[in-house]
Amino acid sequence: AARLRLAPPCSAHPGGAAAGAMPHFTVVPVEDQHRTDYDNLEGLSWVDYSEPGGAARPGGQLHQRDAYDTLGSDGHGNHKESSPFLNNSEAGKGGDYYDRNLALFEEELDIRPKVSSLLGKLVSYTNLTQGAKEHEEAESAEGSRRKVSKSPSMGTLMGVYLPCMQNIFGVILFLRLTWMVGTAGVLQSFLIVLICCCCTMLTAISMSAIATNGVVPAGGSYFMISRSLGPEFGGAVGLCFYLGTTFAGAMYILGAIEILLTYIAPQAAIFHPTGAHDTSNATLNNMRIYGTLFLTFMAVVVFVGVKYVNKFASLFLACVIISILSIYVGAIKSIFDPPAFPVCMLGNRTLSRDQFDICAKTTMIDNVTVATKLTELFCPHYNVSSEQCDEYFRSNNVTEITGIPGAASSILKDNIWSNYLEKGEILEKANLPSVDVSGHKSNLHLYVYADIATSFTVLVGIFFPSVTGIMAGSNRSGDLKDAQKSIPIGTILAIVTTSLVYFSCVVLFGACIE
């Protein structure tokens with residue numbers, strides 16, 4: 001290896017630095033200046049503590065700083081390491097902030113050598129998973145002309161808390177939570193919500209531990225998992241996350257179709273039941289047709305640009321918040337003015353009102369007693385006393401009960417315990433009088449019955465998708481002003497808020513609805 005010697009001050013050499021300059025020492029090599037391949041391979045750097053732009057050599061000759069020198073001086077003893085692993089031409093692209101994304105601690109940003117910028121460039125394309133507006137602009141001609149990048153400015157509220165809440169709340173809360181409370185009861189529904197929320201809380205705590213362990217650049221959860229557990233775990237988790245998002249998209253499409261065809265516009269159904277036992281086939285066919293249309297529409301939206309959808313993100317969030325607040329407003333209103341929602345009962349069995357309008361066996365028309373549509377369905381020849389009439393229908397009375405008695409009623413004590421049903425079992429109310437006789441199996445479609453077998457584990461699986469979506473905040477790490485602070489606080493607060501909403505809804509549904 002080449003030897004180094006310490007030269008005296010420049011003023012001692014003839015032809016040295018100009019008079020009046022600050023005296024300094026220069027370390028110069030004694031032998032040949034040629035660097036071997038071995039030196040370049042090992043990453044060795046030749047040191048020259050000279051004035052910027054030149055250095056003193058024996059004989060008063062000045063030479064420009066070598067392109068391979070990586071440690072310079074400002075003439076006052078302050079030395080700056082521009083890029084240990086890259087040459088100066090590449091290091092000049094980013095200045096002091098070039099290639100600092102992977103520093104483990106903030107204190108080491110200026111003293112620790114940087115890792116190659118390759119990984120930082122690879123994760124930069126996942127800057128925004130919610131909308132990819134910047135990604136689309138970068139690929140377009142408009143984005144290519146923009147050289148000045150926008151600095152991260154999103155805080156905890158807008159960057160993590162609200163996006164997580166918007167992604168956690170879903171269709172399960174509005175379509176299946178009431179059914180879950182009526183089937184599992186208030187106590188077991190509490191346990192189901194607690195189990196699911198604890199799973200997401202533990203996940204958020206683990207993610208917070210990783211996020212606070214170092215600087216979190218763009219890349220979100222994929223980068224954090226890959227840095228902590230390795231790219232193998234990061235890829236596996238990413239694959240599972242992709243599959244989960246795919247199935248969640250299908251679930252939300254089917255939920256939207258159910259709301260549309262059941263509550264908003266039933267007349268929009270394309271297929272209609274051809275008989276009493278063909279309702280499920282017609283429903284599935286409608287979901288296939290409308291599901292294909294909805295999925296095609298969303299594919300067109302993604303193809304055109306998700307950035308246009310992001311402009312309505314605040315409107316969508318406002319709709320979700322207003323819908324949830326309506327639950328509490330309705331529960332308070334039911335205390336003073338319960339809504340009129342009658343449920344028709346035959347004995348202690350619940351009847352489905354889709355095929356009749358009057359909940360009675362007979363009615364008066366022009367002072368004449370006539371059989372109702374309900375009697376015609378149970379008795380083929382419209383004669384209640386006939387032997388061909390359903391035996392259970394002849395032996396029990398038809399009554400109406402209030403479906404939503406309100407929070408001031410004592411219905412909560414009846415909804416405390418579970419009422420799991422097997423497939424095909426009729427929904428019954430235990431405290432109503434009933435003659436226990438068998439009826440015709442052909443009339444099963446006239447009752448409210450279970451279309452699937454229910455159990456505790458089945459309800460856990462159905463409810464769990466309503467607590468997912470906690471990665472929405474961490475995936476925006478590239479836009480967060482302080483990701484180390486915002487990700488843990490915003491994610492945990494969103495989980496606590498949604499958990500409280502779910503717990504309160506379980507109690508309100510159990511206290512208000514029959």
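A crossing of two helices is called left-handed if the near helix is turned anticlockwise from the far one by less than a right angle, and right-handed if clockwise. By that convention, the crossing of helix 13 and helix 17 is left-handed. Their axes, which are lines fitted to C-alpha atoms over the stretch in contact, with angles running from 0 to 180 degrees between N-to-C directions, lie 11 Å apart at an angle of about 35 degrees. Contact (heavy atoms within 4.5 Å) is made by Ile-324, Ile-327, Tyr-328, Ala-331 and Ser-334 of helix 13 and by Val-501, Ser-504, Cys-505, Leu-508, Phe-509 and Cys-512 of helix 17. By class, this contact has 9 nonpolar, 2 polar and no charged residues, where Ala, Val, Leu, Ile, Met, Phe, Trp, Tyr, Cys and Pro count as nonpolar, Asp, Glu, Lys and Arg as charged, and the others, Gly among them, as polar.

The model is predicted, and local features need pLDDT of at least 70, side-chain atom pairs count only at pLDDT 80 or more, while totals for chains, interfaces and linings use all residues. Residues are numbered from 1 along each chain as its sequence is written, and side-chain values use heavy atoms, with hydrogens and water left out.

The protein has 17 helices and 11 strands, taken as DSSP runs (helices H or I, at least four residues; strands E, at least two) numbered from the N terminus. Of its 514 residues, 34% are buried, that is, under 20% relative accessible area with a 1.4 Å probe and protein chains only, whereas exposed means over 50% and partly exposed in between.

Helix 13 (residues 313-336) has 24 residues and should span 34 Å at 1.5 Å a residue, which agrees with the 36 Å between its end C-alpha atoms; the expected span is 1.5 Å times one less than the number of residues.

Elsewhere, strand 9 (residues 362-365) and strand 10 (residues 368-371) run antiparallel and are joined by 4 bridges, where pairing requires at least two DSSP bridges. The two strands form a hairpin with 2 residues between them, and Asp-366 in the turn has a positive phi of about 55 degrees.

Leu-446, in the loop between strand 11 (398-402) and helix 16 (456-463), is buried, with a relative accessible area of 4%. Leaving aside neighbours within four places in sequence, Leu-446 is in contact with Leu-351, Ser-352, Gln-355, Leu-377 and Phe-378.
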